[in-house]
Amino acid sequence: MNATCKAGTLKIVVGVAGGIAAYKAAHLVRYFTERGHDVHVVPTPAALSFVGAATFEALSGNPVSTTVFDAVDEVRHVRVGQEADLVVITPATADLLSRAAQGRADDLLTSTLLVATCPVVFAPAMHTEMWRHPATQENVGKLREHGSIVLEPAHGRLTGADTGPGRLADPEHIGAMALLSVARPGAFERNLEGRRLVISAGGTREELDPVRYLGNHSSGRQGYALADVAVHRGAEVTLVRGDTAELPVPPGATIVDVVSARDMDTAVREVAADADMVIMSAAVADFRPAEVAGAKMKKGSDEDALTKLVLTENPDILAGVVTRRREGQVVIGFAAETGDDNATPLDHAKVKLRKKGCDLLMCNDVSGGATFGSEDNVGWLLSSDGEVSEVPEGTKHSVAAAILDRAAALLPVN
Ligand code: C5P
């Protein structure tokens with residue numbers, strides 16, 4: 001942590017290169033300042049053709065300069081980078097990636113990159129062709145070799161009418177990943193290269209009639225965070241997504257949308273067949289209405305149907321994955337538990353791990369609604385060999401990295 005900052009706050013340099021997505025850097029500055037961090041914006045001269053310095057100065061509360069010739073007496077081209085706890089470049093254009101990969105120092109931002117010894121995170125944004133060009137991919141590889149983190153761009157509408165990978169990732173995603181790089185320096189180790197991961201996230205909706213369903217409070221945040229981190233460890237990720245909060249879609253993951261537990265079961269069966277790892281972080285409904293009414297159930301017309309719901313059990317997707325698991329496949333379950341007079345959440349989780357037969361079980365204490373929808377999580381990771389380790393409180397991305405550290409170690413060597 002930088003000596004000039006309050007405890008817990010970081011000195012963050014937000015570098016902005018000259019691309020149309022430069023305006024989104026304003027949201028990232030906000031993301032960091034709202035969390036109490038001290039933000040210094042360093043745009044390239046071209047970035048200021050898109051967004052004026054006044055916007056960044058007002059949002060960060062700090063002066064903005066682009067050139068090494070401002071405040072020369074303070075040796076700014078060296079100091080900005082030396083004092084930073086984190087440098088995030090958003091958007092990182094093809095040109096900026098190229099200059100950074102070559103180690104050029106022709107403006108304040110690239111000089112800062114050469115000096116910084118803290119985590120450096122690039123959030124690329126450019127047209128699909130530029131992103132896929134071998135020169136850009138080589139630069140990305142080089143920057144990763146140098147120890148920088150290059151995030152995946154999102155897939156979607158680009159400037160103009162074209163769509164494809166190259167869109168700047170959501171500022172909330174960039175912010176969370178950047179803070180993870182400081183909280184867990186090993187989080188981006190590419191130890192899942194070429195591995196196929198299936199991750200389920202969110203709740204299921206069990207239809208009751210055409211307007212009602214039974215659901216739950218799951219936001220899907222933990223599953224999304226697992227997908228985010230796994231993609232950046234080099235995995236091929238399929239995210240089977242039920243009902244979730246509005247969250248940035250993990251860039252680089254393949255999305256399969258489902259509604260009910262039975263839909264999720266069908267989707268997971270299909271994609272898990274050749275997966276190296278299956279993580280069931282979804283909150284699957286254990287029961288569904290035995291009958292789905294074809295028309296809206298009316299108050300007063302069939303009292304029994306609404307006051308005495310008859311439920312039937314859903315398939316246990318996780319148990320099915322365990323039964324069908326292929327050689328070497330690692331299976332991870334989740335257990336949101338509350339304690340009672342006879343047992344703690346951890347006691348319940350130990351029983352569940354044995355019952356489900358998975359390799360690892362992430363247990364959280366959800367008494368009082370804790371963790372649902374929150375950005376943070378905490379709990380225990382139970383392993384089938386009886387080991388229980390505490391997962392310290394942190395963002396869901398940081399918990400995801402802790403789970404993937406343990407899970408990656410269980411994979412057979414390639
Ligand atoms: O039994 P319980 O619902 O607490 O188990 C939680 C774990 O089992 C989670 O990993 C969840 O995704 C999975 N599960 C499942 N199918 C169900 C119910 C839960 O795969 N029908």
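Reader: How are Arg-269 and Asp-265 separated in helix H10?
Author: This is a predicted model. In it, Arg-269 and Asp-265 are 4 residues apart in helix H10 (residues 261-272), which means that about one helical turn separates them. The two residues form a salt bridge, with the closest N and O atoms 3.4 Å apart.
Reader: And Asp-265, is that buried or exposed?
Author: Asp-265 counts as buried, because its relative accessibility is 9% and the limit for buried is under 20%.
Reader: Where do Asp-316 and Lys-356 lie?
Author: Asp-316 is in the loop between strand E15 (311-313) and helix H12 (317-324), whereas Lys-356 belongs to helix H13 (residues 345-356). The pair therefore ties together parts that are 40 residues apart in sequence. Asp-316 is partly exposed, with a relative accessible area of 37%, while Lys-356 counts as buried at 17%.
Reader: Which residues do salt bridges with shared partners join into one network?
Author: That network consists of Asp-95, Arg-99, Arg-104, Asp-106 and Asp-107. Within it, Asp-107 forms a salt bridge with Arg-99, and their closest N and O atoms are 3.1 Å apart. Asp-107 is buried, at 7% relative accessibility, and Arg-99 is also buried, at 12%.
Reader: New topic: where does Thr-93 lie?
Author: Thr-93 lies in the loop that runs between strand E3 (86-92) and helix H4 (94-102). With a relative accessibility of 12%, Thr-93 counts as buried.
Reader: What lies 3.1 Å from a polar atom of the Thr-93 side chain?
Author: The backbone nitrogen of Leu-96 lies at that distance from the side-chain atom of Thr-93.
Reader: Which residues is Thr-93 in contact with, leaving aside its neighbours within four places in sequence?
Author: With those neighbours left aside, Thr-93 is in contact with Ala-17, Gly-18, Gly-19, Ala-125 and Met-126.
Reader: Let us turn to helix packing. At what angle do helix H8 and helix H14 pack?
Author: Helix H8 (residues 171-183) and helix H14 (residues 396-410) pack at an angle of about 55°, and their axes are 9 Å apart. H8 and H14 are therefore oblique to each other. The crossing in which H8 passes H14 is right-handed.
Reader: Which residues in H8 and H14 meet?
Author: From H8 there are Ala-176, Met-177 and Leu-180, which meet His-397, Ser-398 and Ala-401 of H14.
Reader: How many residues apart in sequence are Ala-169 and Leu-151?
Author: Ala-169 and Leu-151 are 18 residues apart in sequence, and their C-alpha atoms are 8.2 Å apart in space. When neighbours within four places in sequence are left aside, Ala-169 is in contact with Glu-152, Ala-154, Ile-174 and Pro-251.

Notes:
Residues numbered from 1 in each chain as written. Predicted model: local features only at pLDDT ≥ 70, side-chain atom pairs only at ≥ 80, totals over all residues. Heavy atoms only, no water. Salt bridge = Lys/Arg side-chain N within 4 Å of Asp/Glu carboxyl O. Buried < 20%, exposed > 50% of the residue type's maximum accessible area, 1.4 Å probe, protein only. Helix = DSSP H or I, 4+ residues; strand = E, 2+ residues; numbered from the N terminus. Polar contact = N/O pair within 3.5 Å; in protein donor to acceptor, adjacent residues only side chain to side chain. Contact = heavy atoms within 4.5 Å. Axes fitted to C-alpha atoms, helices over the stretch in contact; angles between N-to-C directions. Parallel < 35°, antiparallel > 145°, perpendicular 65-115°, else oblique. Left-handed = near helix turned anticlockwise from the far one by under 90°.
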